[in-house]
Amino acid sequence: MQLCVKKSNIVLTGFMGAGKTTVGKLLARRLNLELVDTDREIEKKTGMDIFNIFDKYGEERFREIETGVVEEVAELSNCVIVTGGGIILRRENIERLRRNGVVVYLHAEPDVISKRVIRDKSRPLLQSTEPLEKIKELMNIRKPFYENYDIKIDTSQLTVEEVVNKIINKNKIINKNKIIHSEF
Ligand code: S3P
């Protein structure tokens, strides 16, 4: 007998401005799944916005809170889980999310990201006089961490609908082939 175990969550990872939030909203609607966003959960938990958490407590404390939120959302089922761009920095986060989730890495080229986030003041790590340089620097450091995915999509030249369609199709194939073990 073959036992097929489907992963019921879709986890969106990727750099800031790669499109996780916008794609996540449409994806959840299309698949009739619940939408969960780790940054919003952190804000609910702390009663503070992300910018103020960084400002008051620093990045390390933010990462601890983020890991706590990952522990909770990894237990959910039938959700699209949108993650903050730095979630991959702790491998335990992605390992947890992967147990019941197909991990999608949304990539975008630095110049595309720069245009998307240029006026956004809510991302503490990009408040630099040289945002493009900062994006390139961070992306370079994070590259090996982002490589831990099931599906990779470059969103640079795609519409939100196109990205969502690609995820839905690839997720179908992954779940169809997901045979965890066989029993006879
Ligand atoms: C961060 C990304 C942000 C947010 C925080 C840190 C990062 O989320 O979690 O500002 O380290 O890349 P988005 O990727 O949704 O912007």
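Predicted model: local features only at pLDDT ≥ 70, side-chain atom pairs only at ≥ 80, totals over all residues.
A polar contact here means a pair of N or O atoms within 3.5 Å.

Take Asp39 first. One of its polar side-chain atoms lies 2.8 Å from an oxygen atom of the ligand. That pair falls within the 3.5 Å limit. Next, Arg63. An N or O atom in the Arg63 side chain is 2.6 Å from a ligand oxygen. Then Arg123. Here a polar side-chain atom and an oxygen atom of the ligand are 2.6 Å apart. How much of the ligand does the protein bury? Taken alone, the ligand exposes 390 Å², and the protein buries 95% of that.

Now the shell. There are 14 residues around the ligand. Lys20, Asp39, Arg63, Arg123 and Arg142 come nearest. By type, the shell divides into 6 nonpolar, 3 polar and 5 charged residues. Helices next: α3 supplies at least two residues of this shell, and so does α4.

Where does the ligand sit? In the largest pocket. That pocket holds about 640 Å³ of space. Its lining has 38 residues. Closest to the pocket centre are Met16, Gly17, Lys20, Asp39 and Arg123. Look at Lys20, Asp39 and Arg123 on your screens. They are among the residues closest to the pocket centre, and they are also among those that come nearest to the ligand.

Which elements give two or more residues to the lining? On the list are α1 (20–31), α2 (38–46), α3 (50–57), α4 (59–73), α6 (110–117) and α8 (160–176). The largest share comes from α1, with 4 residues. Note α3 and α4 again: both are on the lining list, and each gives at least two residues to the ligand shell.

Last, the make-up of the lining. It divides into 15 nonpolar, 11 polar and 12 charged residues.

To recap. The ligand sits in the largest pocket. Asp39, at 2.8 Å, reaches a ligand oxygen through a polar side-chain atom.

Terms used:
Residues numbered from 1 in each chain as written. Heavy atoms only, no water. 1 Å grid on protein atoms, 1.4 Å probe; cavity = no way out; pocket = protein on both sides within 12 Å on 5 of 7 lines; lining within 4 Å. Points joined across faces, edges and corners; volume = space filled by probe spheres on them. Nonpolar A, V, L, I, M, F, W, Y, C, P; charged D, E, K, R; others polar. Near = heavy atom within 4 Å. Polar contact = N/O pair within 3.5 Å; in protein donor to acceptor, adjacent residues only side chain to side chain. Areas by Shrake-Rupley, 256 points an atom, 1.4 Å probe, with all protein chains shown as cover. Sits in = over half its atoms within 2 Å of the grid points.
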